[in-house]
Amino acid sequence: MNYLWHLLLLSTMSATTTHALSTSIVVVGLNAALQKRFILPPNTNLEPGNVHRAHNSETGVGGKGQDVGVAMSCLMSKEKQPRDDKVLLAQFLGMGPEGDAVSGALRLRRGLSDKLTIRNAAPLRTCTTIVGKDCATELVETSGEVTEEELEQLGQKVESLVNDGGKASGVCIMGSMPPGCGDDTYAQLSEKMVGKDTLVLIDSVIGLDALLKTLKSCFESDDREGGAVLKLNAAELCKLAGANKSEAEKVTIEELTAATSCFLTKYECASSALDYLCVTDGKFPGYLVEVPKESTTENKINFIQLPAIDISKQVKGGMLYPIGAGDTVAAGTLAAWQYLHHEPKAGEENFFGVVPKQVGNILSSVKSKWLSDASADEKSIKMATSFAFGLSCGSASCLQQENSVFDVDDAVRYFSEMDSPLIQ
């Protein structure tokens, strides 16, 4: 009898902790890597042509999608909440010791599911970061080719999860693709797992035209609750629009307006597929750009400026570690957006998503304050709040050596100290 009761208890625990895809975030990070950090002695910078001996060296997880998974695991670890399938990494991890190391780090150290992992035949690439006193230099190996059969395996895994648990709650599309993936790979995967209520964050321009066409189709329903944002830095946006901008210079509203207009002209489906552009600008303020819809008669583009975060007082020994910070911005933004989109009602104890309750309460409080201070609508303030939290996470990650790892308390402090956004 005791044995039967034990089996029943185990089955009940399993049933209560397993997440359907409809409550999970799928991070599409097809171009994974093993990350090596070669840290130079204090007060030393990289000098080409010289011999450098490491002060310290580390090995960890690399790749933009994998960085997002790591950052989200930092959020989930805040309250030791069950992780289960809250975050699923759709990825190719090559066979061999490099792939084994990344797989183990993601599963065992970060607690991330491998349900959408394909161990492909090609060896996993290695990315090496040389960390000096004033800057970091990134050396990136070429990726091994993915076969058509391996692509089909990933698609079949996605379809199986969709059939069992519905469309994804959130989808994060990150970075480049390995050889063997067609330009429409992101579009094909999105077609399988994005529904009318899915939240989509894109941090890639690879296959963007095909992806936007697919998202336009996904969001055609009048009763849709989901949406999509494109995260990119100001220099990338200007480049997409055919203009040159140095990343060292602060973007102007005039440059942003011109670049956004050119972007919307170049990508015809963008106005139907995207709700916002999340534009980062290094140490300068970030901008949430509202994408005007096709039915809009006015040509005016609305901006919400988010304050810059000064982390100089927190830097230990003068060292900053910016590799992976942009990916951490993506992770924090989508996690916060998921929370505010499904904001628990009074009396509800648990939230199914990535953000822990303590952080969620702060998100709700800041959103309410900004909403009372601003003339913008609630949808835009929710997105601005989410992006601001993402920027805070990215800033906090610059204080840690490991890619996209951050102290949640640092991020919450930066976020809580932010001034209200400026509506322009």
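The side chains of R107 and D114 meet in a salt bridge, 3.7 Å from N to O; the term covers a side-chain nitrogen of Lys or Arg within 4 Å of a carboxyl oxygen of Asp or Glu. This is a predicted model, where local features need pLDDT of at least 70, side-chain atom pairs count only at pLDDT 80 or more, and totals for chains, interfaces and linings use all residues. Residues are numbered from 1 along each chain as its sequence is written, and side-chain values use heavy atoms, with hydrogens and water left out.

**Salt bridges**

- In total, the structure holds 20 salt bridges.
- Back to that opening pair: R107 is partly exposed at 34% relative accessible area, and D114 is partly exposed too, at 38%. (Buried means under 20% relative accessible area, exposed over 50%, and partly exposed in between, with a 1.4 Å probe and protein chains only.)
- D197 and K196 also join up through their side chains, with 3.3 Å from N to O. D197 is partly exposed at 34%, and K196 is partly exposed at 31%.

- D327 pairs with K64 in a salt bridge, and their closest N and O atoms are 2.5 Å apart. D327 sits in helix α10 (residues 325-341) and K64 in helix α2 (residues 64-76), so this pair ties together parts that are 263 residues apart in sequence.
- Helices here are DSSP runs of H or I with at least four residues, strands are runs of E with at least two, and both are numbered from the N terminus.

- Two strands count as paired if DSSP finds at least two bridges between them.
- Strands β9 (residues 199-203) and β10 (residues 227-233) pair in the parallel sense over 4 bridges. L201 has V229 in β10 as its bridge partner.

**A helix across the strands**
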